[in-house]
Structures are given as structure tokens and as C-alpha cells.
Amino acid sequence: MVLTGILSGLAGLSLALLGWQWLAARGFPLHRRALNPDFHPDLTLLKPLKGCDAHTEECLRSWFKQEYGGKVQLLFAVASENDPVVPVVRRLISELKFADSELVVCENLQGANAKVAKLSRIQSRARHSILVISDADVLAPPDLLNQIVLPLKDPRVGLVNCFYRLRDECNLAMRWEAVATNADFWSQVLQSNALKPMDFALGAVMAVRRGCLDEIGGFAALADCLADDYQLGHRVAARGHRIALCPVTVDCRNSPMNWGAAWKHQLRWARTIRVCQPVPYFFSILSNAGLWALLLVLWSHGWLALFGGICLCVRIVAGLDMQRRLMRRWQIADAPVMVLKDVLHAAVWLMAFLGNTVEWRGRKMLLRKDGTVVHIGEG
């Protein structure tokens, strides 16, 4: 009876937290665009690259095709001339006749985070006061630059970021990843923002004032950080600058992942969040609505089992609706994946506390308490 009471309380609490998350998601003007924006500061796009897959050229091309009213400088960075992405970038530069674009080969990089090390090397080549940093796998809509710089009209805003969605759901493991991102992650960010001003950044696309970046020591200060996007936003916010969210979203086009790769990615993410925000992460298990509802259904009977079933149905409907808002389409077939995701994330949550190593791009890293990493071997 005691365990049944505990499970009932946890199911009810997680349902309330889910309702709050759902309301936060429905209240955000997702996908809303400003018509005829009149703010077009000159900017530099910094694009660190490594490797090439079936989506790389399409993603890079989307940045050459931006319909922006101001000057744009494109800087691409690779660690080696032999990187397979090099001919792709050079072909795009030549084909699209983009005058102010350059590919920089950054050899002998310093720091555990190779992406940040590349950014640090090309930062000095940027000619403009607004810097846009984007991951290699981001497919941007043509008006993204026009929209993402608009919050910078407010001088109190130091950094702007946006939500992203995963579209390449070619197997069940990637559907798990997609549900975690497309249904829950973005809405949980908004739920957090309802408690306090945003003090971190989402790394898919970020627009930052160069002066704010200089205040925190530039990219060099983040060279050993695993969650460089989080740390960039956190340090900018700590300097008194606001972090803004652009309602326009981008697509992240991932290569196929099996269960092992998806698990490693989720575990790396979980351990990173646990280090960055230990107390909120510890209590995050309380908001796992699918887990507590399922346990209540399996453990109890009668009215309590019915209550658990209702909680489980609400969890699925809310998850599908939040996913629909981001993806702009219903994906009813993902209903059972919502529950699978919650069960798997309970295991990921537990494993996040049982180690301090992560695997990142085939390298084993030791994650330290300050959020920095050190290379300890190959994966």
C-alpha cells in the first residue's frame, strides 16, 4: 500500500509538471516570423566542420542561399586538408560565387573540444560585430538570418538562439532520439524559462555580439568545455546580457544511428546536463510522466490502475501535440515511442550518476566537475 501510494503521488506530480510543460509549449510563438524585418546588421557566419555525409552539401548550401539584407561573411573551418568535406565546400564557393567566403584549414588544434578549437582559430578573421555560429548538420530556412538577428535590436540582448528538430527517423533508435528532442526537449526549455531568464544557449544556431564573446575570453575560454553552447550562453548571461529565443526553427540532419550510438549520445548529453545543472537534473526524474504512470498501471489495480492509465494517455497526447507543434505534422505512430522514450530515459538518468566518462566522435573523454573534459582514449 505504501508503494502504491508513492507511485500514485509521483504519477499525479509528473502529470501536473507535464501540464505545465504543455502550457509553456503552447504559449510560445513557435515558427512565427516578423514580416519585412528592417534590422540587417553585417554579420559573420562561423562554421566548424568535420567529415561529410549524405546531407552535408544540402545543409551547407542552405547557408549560401540565405536571403539576408546585410553583408554576410562565411568562414568554414576544418582541421585537415584531407577532410572529405573540403572539396564540398570549395565546390560550393566556386559554384555559388559567394564573394565573401573562405575555407580555413586549422592544423595543430589546441583543446579537448575540436569544434571550439576551430572557432577560436577563425574568430580573428571575422570582420563583423555579429557572429553566427552553426553546427555542421544544420539545414537553415532561407530567412533564418533575417529572423535570428531581430532580438539583437535590443541592446540588452547579447545572444540569440533557436530550437531545432530532428527529421531523419530511419529506425527505432533514431525515433527515440527524435521524440526526445521534438516532443520534450524544446518544451522543457520553455518550462525552465518560465522559472527564470534563460541562462544557457542551444548550440544548433547562435547569434552573439562579438563584444559579449570578448568579455568572456573568446572561444579560447571554452576550448576544453564539452557543452560549449551551454557554457557560452551561461557565461554571457552571467555578464548581465540577456539570452533570447528566436521562434524560427532549423532542421538537424543526422546520419543513421543504431541503438549503441543513440545510447552513447543520450548518455553523453545526460552526464553533461548533470554536471552543468546537478540539482535540476537530479529532480528531473519527477517529471517523467510516462514512467510513473506505467509503473502505477503495472503495480496497482482498480481505480488506481485506471488513474495510471489516464495519466499515460495524457502523457501520449501531450507528447504528440508538442511534437506536432515543432514538426508541423501529426506523427500518431510515435505514440508507443513516447512511453519507450520515458522508460529509456529513466535508465539514462540513473546511468548519468554512475560514471564520468563520455564518448564523443569516437574519443573517450573524462568529464570533470567544472564541465571540462580531457581525452583518455579511443572509443
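**Ground rules.** I am working with a predicted model, where local features need pLDDT of at least 70, side-chain atom pairs count only at pLDDT 80 or more, and totals for chains, interfaces and linings use all residues. Residues are numbered from 1 along each chain as its sequence is written, and side-chain values use heavy atoms, with hydrogens and water left out.

**Entry 1, Arg 165.** I looked up Arg 165 and found it in strand β6, residues 157-166. Strands here are DSSP runs of E, at least two residues, and helices are runs of H or I, at least four residues, both numbered from the N terminus. Is Arg 165 buried or exposed? Arg 165 is buried, because its relative accessible area is 12%. I use buried for under 20% relative accessible area, exposed for over 50% and partly exposed for in between, with a 1.4 Å probe and protein chains only. A polar atom of the Arg 165 side chain lies 2.9 Å from the backbone oxygen of Leu 326. I then listed contacts, meaning heavy atoms within 4.5 Å. Leaving aside neighbours within four places in sequence, Arg 165 touches His 31, Asn 182, Thr 249, Val 250, Asp 251, Cys 252, Leu 326 and Met 327.

I count a disulfide when two cysteine sulfur atoms are within 2.5 Å. How many disulfides does this rule give? The count is zero. Cys 212 is in none, and the nearest cysteine sulfur, in Cys 246, is 17 Å away. Cys 252 has its closest cysteine sulfur in Cys 59, at 8.2 Å, so the pair is too far apart for a bond. Cys 212 is buried at 4% relative accessible area. Cys 252 is buried too, at 6%.

I checked residues 86-96, helix α3, and noted Val 86, Val 88, Val 89 and Leu 92 as its buried residues. Their cover includes α2 (56-64), β2 (72-78) and β3 (101-105). After α3 comes Lys 97, with a positive phi near 55°.

How do α6 (172-193) and α13 (335-352) pack? Their axes are 9 Å apart, at an angle of about 90°. Therefore I call α6 roughly perpendicular to α13, the term for 65 to 115 degrees. The axes are lines fitted to C-alpha atoms over the stretch in contact, and angles run from 0 to 180 degrees between N-to-C directions. Among the α6 residues in the contact are Leu 172, Trp 176 and Val 179, and the α13 side includes Val 337, Leu 344 and Val 348.

Methods. A polar contact is a pair of N or O atoms within 3.5 Å; within protein, one must be able to donate a hydrogen and the other to accept it, and residues adjacent in sequence count only if both atoms are side-chain atoms. Angles under 35 degrees count as roughly parallel, over 145 as roughly antiparallel, 65 to 115 as roughly perpendicular and the rest as oblique.
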